[in-house]
Amino acid sequence: MNDSIRINGIKGFGYHGVFAEETKNGQDFLVDVELILDLEKASKSDDLADTVDYGAICDLVVAAITGTPYKLIEKLAGVIADEILATANLVEIALVTVHKPSAPVNAVTSDINVMVIRTR
């Protein structure tokens, strides 16, 4: 399968982290999603019912970012990917990257992120 839908930079404010200041003060998180699915039918029908509603995916991601706090962004990414597969039946593979640009590390970085890949 070669078709995909990509959504980059879904932003939300959350309280994920290991350190007390992260869970108290929170920070911005960005999430990129790539959904691997067959888009042939949608490309012919021009019907939303034949594809994935990327607005609903954005809502799902923002709810995960702003919802239950997790210690690890690996957990957050996994929760998002699992929820996508549970709700978007056409998706065969979900790639989810969680960016934590303000991660508390002792180095100058432009970004720290993790990617999980979940397959149906």
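Predicted model: local features only at pLDDT ≥ 70, side-chain atom pairs only at ≥ 80, totals over all residues.
User: Happy with that. How many helices and strands are there, and how are they assigned?

Analyst: The chain has four helices and four strands, in the order β-α-β-α-α-α-β-β from the N terminus. They are DSSP runs numbered from the N terminus: helices are H or I with at least four residues, strands are E with at least two.

User: How do you know what span to expect for helix α4?

Analyst: The expected span is 1.5 Å times one less than the number of residues. Helix α4 covers residues 73-87, which is 15 residues, and its first and last C-alpha atoms lie 21 Å apart, close to the expected 21 Å.

User: Which residues of α4 are buried, and what do they pack against?

Analyst: Buried means under 20% relative accessible area, exposed means over 50%, and partly exposed is in between (1.4 Å probe, protein chains only). In α4 the buried residues are Ile73, Leu76, Ala77, Gly78, Ile80, Ala81, Ile84 and Leu85. They pack against β2 (27-36), α3 (54-66), β3 (93-99) and β4 (113-119), where a contact means heavy atoms within 4.5 Å.

User: What makes Glu34 and Arg6 a salt bridge?

Analyst: The rule asks for a side-chain nitrogen of Lys or Arg within 4 Å of a carboxyl oxygen of Asp or Glu. For Glu34 and Arg6 the N to O distance is 3.2 Å, so the pair qualifies as a salt bridge. Glu34 lies in strand β2 and Arg6 in strand β1 (residues 4-14), so the pair ties together parts that are 28 residues apart in sequence.

User: Are those two partners buried or exposed?

Analyst: One of each! Glu34 has 19% relative accessibility and counts as buried, while Arg6, at 60%, counts as exposed.

User: How many salt bridges does the structure hold?

Analyst: Six. One of them joins Glu22 and Lys100, at 2.5 Å from N to O. Glu22 lies in helix α1 (residues 20-25) and Lys100 in the loop between β3 and β4, so the pair ties together parts that are 78 residues apart in sequence. Both Glu22 and Lys100 are buried.

User: How do you know that Arg118 and Asp82 form a salt bridge?

Analyst: Their closest N and O atoms are 3.5 Å apart, so the pair meets the salt-bridge rule. The link runs between distant parts of the chain, with Arg118 in strand β4 and Asp82 in helix α4, 36 residues apart. Arg118 counts as partly exposed at 30% relative accessibility, and Asp82 is partly exposed with 44%.

User: Why is the pair of Phe13 and Tyr15 called edge-to-face?

Analyst: Rings of Phe, Tyr and Trp (its six-membered ring) pair if their centres lie within 6.5 Å; planes under 30 degrees apart count as stacked, over 60 as edge-to-face and the rest as tilted. The centres of Phe13 and Tyr15 are 5.5 Å apart and their planes stand at 85 degrees, so the pair is edge-to-face. By this rule the count comes to one aromatic pair. Phe13 is partly exposed with a relative accessible area of 38%, and so is Tyr15 at 33%.

User: Why is Asp46 called exposed?

Analyst: Its relative accessible area is 75%, so Asp46 counts as exposed. Asp46 lies in the loop between α2 (40-45) and α3, and has a positive phi of about 60 degrees although it is not a glycine.

User: And how much of the chain counts as buried?

Analyst: Of its 120 residues, 40% count as buried.

Key:
Residues numbered from 1 in each chain as written. Heavy atoms only, no water.
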